[in-house]
Amino acid sequence: MSLDLPRMNRRSSLKGLAMGAAAAFAGWPCAEAASNGLPDKRGQDSMAVDVLVCGGGPAGIAAAMMAARQGCTTLLVERYGRLGGMAVQALVGPLMGRVQSAWVDRIVDRIGGRNVDYEFIDLAYAELLAEAGAEYLLHAPVLAPVCNGNRVTGVSLLTKQGAIDVAAKITVDATGDGDIAFAAGAAYDQGRAAGPSWDADGLCQPMSIMFRVSGVVHEETMEAHGGRRDYRFPDGRSWNEITRDAHANGELPPTVGFIRTYLSRREDQRVINATQVNGLDGTNARDLTKAEIDARRQVHAVVEFLRKRAPGFQSAYVSAMPAVIGVRETRRIRGLACLTLQDLVEGRGSEAAVVRGASYPVDIHNPAGIGQAIGFLPGNDPQVQPYDIPYGCLVPESVDGLLVAGRCISGSHEAMASYRVQVIAMATGIAAGTAAALAARAGMQPRAVDVNRVQDVVFDGKPA
Ligand SMILES: Cc1cc2nc3c(=O)[nH]c(=O)nc-3n(C[C@H](O)[C@H](O)[C@H](O)COP(=O)(O)OP(=O)(O)OC[C@H]3O[C@@H](n4cnc5c(N)ncnc54)[C@H](O)[C@@H]3O)c2cc1C
């Protein structure tokens, strides 16, 4: 069987992939044995696009939408079966953070607001992509980038039908973990350098299993009586004090000291953000395996505690567990610029801004204990002023053909703790998709793109 298939035409649609020649997939040793005389539907496919976006989270969706809107053939590839990233995979929500961006406002409006509709947000995202003219492929994890020297020229996808090679003029890495940049050899940082109360230990923020409970009697809850922060129990304690004391008494697992109960779209439901696993690496398969099991085990104790202590939760039960654990922090790809804590505290503007007015606290879940990192406690944390994100944070320092978007852009551990939230991630995607389209059309590298032209599109809505 020939493995030497012709490349698909640049304008070929994904539908063409399904009709690809039925060649056996090179690399899977049992490919021959599985044929059984039936038509062999596996095959090594390939295609070529102007802009390839890897990762279907808020950053990737925004990037693909913008690239397609600039008239580029655009393909978004996502490793799992749903669009939406952490929101659909890990039950993360609501959408937090602020930016000055009409594009972001439009997306948030289209997906029904900040209070995530966990059941259908993926379909709303799919409609957005279809309207923009971007194609997407689910169940298509990137196995490896294809490189020519230090330039990414596409990727190889690992799919159930075999490998699919996608050639791209420009690739956007919106995988959250910076998988494409990492595999292409880009310089990156991971974990924390020395801070106000810690050494440079390289620890990342903890991972968490968020989950949903149903059977809550809303009228009795803290949210219905002033809110979780202001609610006081008969002995005068706040909810945070109740959980802190329970942690000290050993009533809660050793890493659970705060239990956040988020309103859901239904009054009788809450999404719970409480479990925590420290000291593990979200890019290491063994660590991820341990984290999944350890954090899921904590859920029982948290629910039992909620039933006993949280008003309105007496009959609460777990009604949804996430598909995967929530990963807050991994690689930050070193870019031509790097956002720092000082930039956020000063609310620093930039002439090269591609995101303006970004705003969210430096929310560092403690990598080495419970709650927030010491030095970043509520009331004592550095106050963030609305800040700009310069284009250089999206352009890898050492790799061409590639832009990054979302939580893997260039910044410090502290700055990332602010810009990692979904609304700001989306805004970086808007900028990356626009710049990718400009670079692809002009046949230039992202580092050579005129920032003014990106700004015209992302801030002024001008056609590129
Ligand atoms: C426990 C937890 C609670 C949080 N709480 C909030 C909150 O309340 N509000 C808020 O706004 N933010 C919250 N965040 C932060 C936020 O969810 C993420 O930082 C945000 O989703 C980042 O967006 P992104 O597009 O960069 O990455 P992601 O949302 O992670 O999306 C990346 C996408 O890329 C895909 N992908 C990864 N690798 C590959 C690959 N090799 N090939 C193909 N596809 C790949 C993934 O499957 C995923 O769909 C929380 C995060 C966690 C972990």
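Entry 1, an open sheet. I traced four strands that form an open sheet in the order β9-β10-β8-β11, and the pairing in this sheet is antiparallel. I noted β9 (260-263) and β11 as the edge strands, since each of them pairs on one side only. From one strand to the next the twist averages 40°. I then looked at one pair in detail: β9 and β10 (residues 270-273) are joined in the antiparallel sense by four bridges, and T261 has I272 in β10 as its bridge partner. I keep in mind throughout that this is a predicted model.

Entry 2, the chain as a whole. I counted twelve helices and 15 strands in the protein chain. Of its 464 residues, 50% are buried. I also looked at contacts between residues at least 6 apart in sequence, and 72% of these join residues at least 24 apart.

Entry 3, the parallel strands around β2. Which strands pair with β2 in the parallel sense? I found that strand β1 (residues 45-54) runs parallel to β2 and is joined to it by four bridges, with L52 standing opposite L75 of β2.

I next asked where the side chains of β2 point. In a regular strand the side chains alternate between the two faces of the sheet. In β2 (residues 74-77), I saw T74 and L76 pointing one way and L75 and V77 pointing the other, and all of them are buried.

L91 has a positive phi of about 60° although it is not a glycine, and I located L91 in the loop between α3 and α4. With 25 C-beta neighbours inside 10 Å, against the 20 or more that the burial cut-off requires, L91 counts as buried.

The loop between α3 (86-90) and α4 (102-110) also holds P94, and the peptide bond from G93 to P94 is cis, with omega near 0°.

H139 is another non-glycine residue with a positive phi, of about 55°, and I placed H139 in the loop between β3 and β4 (142-148).

Two packed helices are described by the angle between their axes and the distance between the axes, so I noted both values for each pair. Helix α11 (residues 422-442) and helix α12 (residues 451-460) pack at an angle of about 130°, with their axes 9 Å apart; the two helices are therefore oblique to each other. Their crossing is right-handed. I listed the residues that make this contact as I430, A431, T434, A435 and L438 on α11, and R453, V454, V457 and V458 on α12.

For α4 and α11 the angle is about 120° and the axes are 9 Å apart, so this pair is oblique as well. I recorded the passage of α4 across α11 as a right-handed crossing. In this contact I found W103, V104, I107 and V108 from α4, and V423, M426, A427 and I430 from α11.

My last stop was the loop between α8 (285-309) and β11 (317-320), where F313 has its place. Why does F313 count as buried? F313 counts as buried because it has 23 C-beta neighbours inside 10 Å. Leaving out residues up to four places away in sequence, I found that F313 touches V216, L306 and R307. I also checked F313 against E220, which is 93 residues away along the chain, and their C-alpha atoms are separated by 8.4 Å.

Technical notes:
Residues are numbered from 1 along each chain as its sequence is written. This is a predicted model: local features need pLDDT of at least 70, side-chain atom pairs count only at pLDDT 80 or more; totals for chains, interfaces and linings use all residues. A residue is buried if 20 or more other C-beta atoms lie within 10 Å of its own, exposed if 12 or fewer, and partly exposed in between; C-beta atoms are placed from the backbone. Two strands pair if DSSP finds at least two bridges between them. Two residues are in contact if their C-beta atoms, placed from the backbone, lie within 7 Å. Axes are lines fitted to C-alpha atoms, for helices over the stretch in contact, and angles run from 0 to 180 degrees between N-to-C directions. Angles under 35 degrees count as roughly parallel, over 145 as roughly antiparallel, 65 to 115 as roughly perpendicular and the rest as oblique. A crossing is left-handed if the near helix is turned anticlockwise from the far one by less than a right angle, and right-handed if clockwise.
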